[in-house]
Amino acid sequence: AAEELTVDGVAAKLYTIDGASSPPQTILIVDIPWRDGQSLFVKYKGAQSLAVSQREAFIEFTKSIEWN
């Protein structure tokens with residue numbers, strides 16, 4: 001299930017995918033609808049422990065995106 005975020009006034013979705021590898025990996029993906037049916041994706045892929053500890057910073061970074 002996706003988590004809802006707002007990025008520059010647009011409803012975006014955050015997906016968390018936990019892998020079964022050793023060591024455990026996690027992918028954080030934010031899907032931001034952009035224009036003309038296109039999306040902007042912001043992605044983090046790496047160690048699960050780092051993804052967990054930096055998740056809020058990743059979300060705040062993504063929320064800081066603005067269109068000109």
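**Note on a predicted β-β-β-β-α chain**

1. **Overall burial and surface.** Of the 68 residues in the chain, 22% count as buried. The model is predicted, so everything below refers to computed coordinates. The chain exposes about 4700 Å². Carbon and sulfur atoms supply 53% of that area.

2. **Fold layout.** The secondary structure comes to one helix and four strands. Along the sequence the pattern reads β-β-β-β-α. The strands include β1 (3-7) and β2 (10-18), as well as β3 (25-33) and β4 (39-47). Helix α1 spans 48-63. Along the principal axes, the C-alpha atoms fill a box of roughly 40 × 20 × 20 Å.

3. **Contact range and charge.** Take the contacts between residues at least 6 apart in sequence: 29% of them join residues at least 24 apart. On charge, the chain carries 6 positive and 9 negative side chains. The centres of these two sets lie 6 Å apart.

4. **The aromatic pair.** How many aromatic pairs does a search of the whole structure find? The search finds one. The partners are Trp34 and Trp67, and their geometry is tilted. The ring centres are 5.9 Å apart, and the planes make an angle of 40 degrees. The pair counts as tilted because its plane angle falls between the stacked limit, under 30 degrees, and the edge-to-face limit, over 60.

5. **What the pair connects.** Trp34 lies in the loop between β3 and β4, while Trp67 lies in the segment after α1, so the pair ties together parts that are 33 residues apart in sequence. Trp34 is partly exposed at 39% relative accessible area. Trp67 is also partly exposed, at 28%.

6. **A charge over the Trp34 ring.** The charged end of Arg35 sits over the Trp34 ring, 4.0 Å from its centre.

7. **Thr62 in the helix.** Is Thr62 buried or exposed? Thr62 is buried, with a relative accessible area of 0%. The residue lies in helix α1. Leaving out residues up to four places away in sequence, Thr62 touches Val7, Val30, Ile32 and Val42.

8. Ser64 is placed in the segment after α1. At 46% relative accessibility, Ser64 counts as partly exposed. The C-alpha atoms of Ser64 and Val7 are separated by 7.1 Å, although the two residues are 57 apart along the chain.

9. **The β1-β2 loop.** Gly9 is found in the loop between β1 and β2. Gly9 is exposed, with 71% relative accessible area. Asp8 is placed in the loop between β1 and β2 too. At 38%, Asp8 counts as partly exposed. The backbone deserves a look here. Phi of Asp8 is near 50 degrees, a positive value in a residue other than glycine. Most residues other than glycine have a negative phi.

10. **The β3-β4 loop.** Asp36 is placed in the loop between β3 and β4. Phi of Asp36 is near 50 degrees, again positive in a residue other than glycine. Asp36 is exposed, with a relative accessible area of 76%. Trp34 lies in the loop between β3 and β4 as well.

11. Which peptide bond is cis? The bond from Ser22 to Pro23 is cis, with omega near 0 degrees. Most peptide bonds are trans. Pro23 is found in the loop between β2 and β3. Gly19 has its place in the loop between β2 and β3 too. Gly19 is partly exposed, at 35% relative accessible area. Gly19 and Ala47 are 28 residues apart in sequence, and their C-alpha atoms are 9.7 Å apart.

12. **Points to inspect on screen.** Start with the tilted Trp34-Trp67 pair and the charged end of Arg35 over the Trp34 ring. Then turn to the positive phi of Asp8 and that of Asp36. Finish with the cis bond from Ser22 to Pro23.

Note on methods: Residues are numbered from 1 along each chain as its sequence is written. This is a predicted model: local features need pLDDT of at least 70, side-chain atom pairs count only at pLDDT 80 or more; totals for chains, interfaces and linings use all residues. Side-chain values use heavy atoms; hydrogens and water are left out. Rings of Phe, Tyr and Trp (its six-membered ring) pair if their centres lie within 6.5 Å; planes under 30 degrees apart count as stacked, over 60 as edge-to-face and the rest as tilted. Helices (H or I, at least four residues) and strands (E, at least two) are DSSP runs, numbered from the N terminus. Buried means under 20% relative accessible area, exposed over 50%, partly exposed in between (1.4 Å probe, protein chains only). A charge sits over a ring if NZ of Lys or CZ of Arg is within 6 Å of the ring centre and within 35 degrees of the ring normal. Contact means heavy atoms within 4.5 Å. Accessible areas come from the Shrake-Rupley method with a 1.4 Å probe; for residues, only the protein chains shown count as cover. Lys and Arg count as positive and Asp and Glu as negative; His and the chain ends are not counted. The place of a charge is taken as NZ of Lys, CZ of Arg, CG of Asp or CD of Glu.
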